[in-house]
Amino acid sequence: MSSTFLNLIKTRRTHYGLSKVSTVPDAKLRSIVEEAVKYTPSPFNMQAGRAIVVTGNRSDSLWEKIVKPGHLKTLGEDEASIKVYTQKISEYAAGYGTILFFEDQAIVNAMSAKIVAFASEFPVWSENATGMLQSNVWTALALEGMGASLQHYTAYSPEVSANVLKEFDLPTTWKCTAMMPFGVPTGEPGNPSRPKTFIPVEERVKVFFE
Ligand SMILES: Cc1cc2nc3c(=O)[nH]c(=O)nc-3n(C[C@H](O)[C@H](O)[C@H](O)COP(=O)(O)O)c2cc1C
């Protein structure tokens, strides 16, 4: 049983080249994200994880009209970076859609206030939980034949962050933790100039069987 699961998680990779094609109907996309949000664990079952699924023109304009102008402003006069990020962000816009992940800070803060002994841990655990959710959604999409990548442009720019909330009329307590552009991949995963390698796993896992 577990080997089946482990083989399935190997199918998840980073795909930058995306097309405007989805392998699944929108209703299925919605249920993938709903199921992942519902069943991914959270600290003290606080359920602060939130997600938005956006497709078509809404996804394009999220990247082209919110992320791109906001991010380019953070680059100043650095022409080389402007060129690189203009290209990168257009690649994300070329996908079928985007899933945005959030953690509701109203819940995180309420938990910190309620369980004072762990007050400083809740923000950390919240980040752990959103990572678990992202991984579950990413893997589920991969199993449907869809490529995706994980992006963090809201972290670099308060303007992008604020405009994302405004675009979808979201509470200001929702902190965006990642954006995942997705679609049927147009090519191989990863960055061809940096093939994925693995550190020997023995250096990373120690066992003490008795
Ligand atoms: C927490 C986390 C943050 C990441 N942030 C980014 C990112 O901002 N931009 C990006 O292109 N990839 C990002 N990645 C993707 C990693 O670079 C990628 O997963 C890693 O190189 C392994 O490649 P793989 O996804 O093909 O297995 C992130 C991955 C994780 C787990």
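How far is an oxygen atom of the ligand from an N or O atom in the side chain of Thr14? The separation is 2.6 Å, a polar contact (a pair of N or O atoms within 3.5 Å).

Colleagues, this is a predicted model, in which local features need pLDDT of at least 70 and side-chain atom pairs count only at pLDDT 80 or more, while totals for chains, interfaces and linings use all residues. Residues are numbered from 1 along each chain as its sequence is written, and side-chain values use heavy atoms, with hydrogens and water left out.

A polar side-chain atom of His152 lies 2.9 Å from a ligand oxygen, and a polar backbone atom of Leu150 is 3.0 Å from a ligand nitrogen. On its own the ligand has 620 Å² of accessible area (Shrake-Rupley method, 1.4 Å probe), and the protein covers 56% of that. Among the surrounding residues (a heavy atom within 4 Å) are Arg12, Arg13, Tyr16, Trp138, Gln151 and Lys196.

I turn now to the loop between helix H2 (26–39) and strand E1 (49–55), where Phe44 is placed; helices are DSSP runs of at least four residues and strands of at least two. Phe44 has a positive phi of about 55° although it is not a glycine. Asn45, in the loop between H2 and E1, also has a positive phi, near 55°.

Which of the terms buried, partly exposed or exposed applies to Phe44? Phe44 is partly exposed, because its relative accessible area is 48% and the class runs between buried (under 20%) and exposed (over 50%), with a 1.4 Å probe and protein chains only. Asn45 is exposed, at 52%.

Key. Polar contact = N/O pair within 3.5 Å; in protein donor to acceptor, adjacent residues only side chain to side chain.
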